[in-house]
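Please examine the structure shown here alongside the explanation below.

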Amino acid sequence: MPSSPTLGIVVVGARRGQSFVRTVKAAGGELVGVCDTDPTALQPWKQQSDLRLYADFGDVLNDDRVDAVCLATPAHLHAAQSIAALAAGKHVLTEVPAIDTVEEGRRLIEVVEKSGRTFMMAENYCYRRDVLMVQNMIEQGVFGELTYASGAYLHDCRELFFHPDGSLTWRGQRRRDLLGNTYPTHAIGPVCRWLGINRVDHLARIASFQSPSLATAFFAARNLPHHPEYQEPGFFQGHDSCSSSILTGRGVLIDCRCDWASARPHDMVRYELQGTRASFLMVEGQPRIWIEDRSKTKPSGVAREWDPLDTYADDFEHPLWRRFGKQAKAEGHGGGDYFTLREFIGAIREQRPPEIDVRDAVLWSLVHPLSAESIRRGNSPVAFPDFLRSGPV
Ligand SMILES: NC(=O)c1ccc[n+]([C@@H]2O[C@H](COP(=O)([O-])OP(=O)(O)OC[C@H]3O[C@@H](n4cnc5c(N)ncnc54)[C@H](O)[C@@H]3O)[C@@H](O)[C@H]2O)c1
């Protein structure tokens with residue numbers, strides 16, 4: 001890697017990647033260029049002579065000006081592109097999920113840990129203001145002992161499953177081919193950070209349950225009547241809703257749900273956290289909390305009423321948001337992308353592990369293949385593999 005004081009970054013995948021392109025500089029990096037196999041996706045930067053535009057990921061890896069890549073490509077490419085970039089000596093920030101299979105997870109951990117390069121997963125929901133305020137409260141002892149948490153990602157993505165000609169996009173192909181909790185990291189990531197998973201506790205086992213698969217075919221019947229194959233029973237393996245129950249080593253119960261298809265307005269940030277002294281609930285983006293003796297409480301200690309989370313901002317705003325909140329909000333995506341990139345760049349410069357490291361990335365992403373295995377085994381519990389704990393894989 002070049003030893004320049006600047007940190008040259010290329011964003012790969014120029015749709016979701018646009019947010020990274022906008023944020024790299026504010027987060028402390030230098031944007032070298034943008035890569036996309038589709039020339040129309042590169043159009044917005046055609047006139048910018050200071051930026052390199054790449055049609056081929058291989059050219060990014062061969063470019064000495066590039067220290068790091070931010071992968072915002074389709075999900076099934078993340079593991080292979082991460083491994084190729086690390087082998088070329090680049091640091092990697094990958095979009096979610098990081099891997100699709102247990103074997104990819106094992107290999108990715110091995111490659112990252114041998115490479116000496118920084119690898120982080122861009123799980124931006126972990127840096128939301130509400131999520132970090134709750135994190136701060138946990139660290140200050142507000143919740144007491146934690147007993148239960150849930151995370152759900154409910155997003156009707158059916159318009160994203162089909163190209164205008166009716167053929168399947170990569171998301172549509174995943175809906176056709178993949179079972180289970182196929183997009184788990186936004187739901188499970190913040191929950192694992194709250195519970196100190198991979199630090200003071202671990203995910204032990206998972207059992208998953210699924211609803212019927214009806215919503216995608218229903219959507220296709222209305223919008224794509226010239227594609228009768230979408231009406232064949234079993235064409236879309238992905239169920240409308242998948243719920244996973246996970247137990248941690250310490251016995252905390254987690255519910256993690258993913259629903260990409262059911263007809264409903266989206267709710268992508270739905271969380272609960274239960275402790276012995278406080279409870280957090282977020283539905284439809286409205287974060288609420290009850291804290292023993294601070295919120296309305298019966299003399300017996302039983303809770304009476306929720307408070308808006310903001311009631312406690314003066315005492316519990318996370319230091320990151322207190323210091324950089326204004327800047328983070330200006331960079332868009334609720335501030336999450338700014339803090340994600342800032343952490344990635346900071347970890348490279350300070351030569352320390354990033355907050356969301358490869359073992360977190362693999363663990364959170366593994367909820368998908370393990371949930372599918374549980375469903376295939378008649379909803380039986382499946383153990384999280386041992387290689388996720390520290391030590392050789
Ligand atoms: N963290 C978040 O909040 C968030 C939000 C949206 C999407 N995502 C993730 O970001 C990723 C991209 O999602 P999207 O909505 O932009 O998808 P998209 O299909 O709209 O865009 C993907 C882009 O990658 C390009 N591409 C495909 N193969 C490539 C290759 N080999 N090299 C370079 N470019 C290539 C495509 O041409 C396309 O422009 C996905 O993994 C998705 O899960 C995360």
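The model is a predicted one. Its protein chain is divided into domain 1, residues 8-123, and domain 2, which consists of residues 126-318 together with 356-387. Between the C-alpha centres of domain 1 and domain 2 the distance is 26 Å.

The interface can be described first by its contacts and its area. On the side of domain 1, 20 residues are in contact with 22 residues of domain 2. About 1900 Å² is buried between domain 1 and domain 2, and carbon and sulfur atoms give 69% of that area. Within domain 1, the residues that lose the most area to domain 2 are Ile 109, Met 121 and Glu 123, which together make up 32% of what that side buries. Two salt bridges are counted between domain 1 and domain 2.

A helix pair comes next. The axes of helix α5 (residues 102-115) and helix α13 (residues 358-376) come within 9 Å and cross at roughly 175°. Because the angle is over 145°, α5 is roughly antiparallel to α13. From α5, the contact is made by Val 102, Gly 105, Leu 108, Ile 109, Val 112 and Glu 113, while α13 provides Val 358, Arg 359, Val 362, Leu 366, Pro 369 and Leu 370. The residues of this contact comprise nine nonpolar, one polar and two charged. Glu 113 and Arg 359 form a salt bridge, in which the closest N and O atoms are 2.8 Å apart.

Most peptide bonds are trans, and most residues other than glycine have a negative phi. The bond that joins Val 96 and Pro 97, however, is a cis peptide bond with an omega of about -15°. Pro 97 is found in the loop between β5 (91-94) and α5. Asn 198, although not a glycine, has a positive phi of about 75°. The loop that holds Asn 198 lies between α8 (185-195) and β8 (203-210).

Key: Residues numbered from 1 in each chain as written. Predicted model: local features only at pLDDT ≥ 70, side-chain atom pairs only at ≥ 80, totals over all residues. Heavy atoms only, no water. Axes fitted to C-alpha atoms, helices over the stretch in contact; angles between N-to-C directions. Helix = DSSP H or I, 4+ residues; strand = E, 2+ residues; numbered from the N terminus. Parallel < 35°, antiparallel > 145°, perpendicular 65-115°, else oblique. Contact = heavy atoms within 4.5 Å. Nonpolar A, V, L, I, M, F, W, Y, C, P; charged D, E, K, R; others polar. Domains from an automatic or database assignment. Buried area = accessible area lost by both parts, 1.4 Å probe. Salt bridge = Lys/Arg side-chain N within 4 Å of Asp/Glu carboxyl O.
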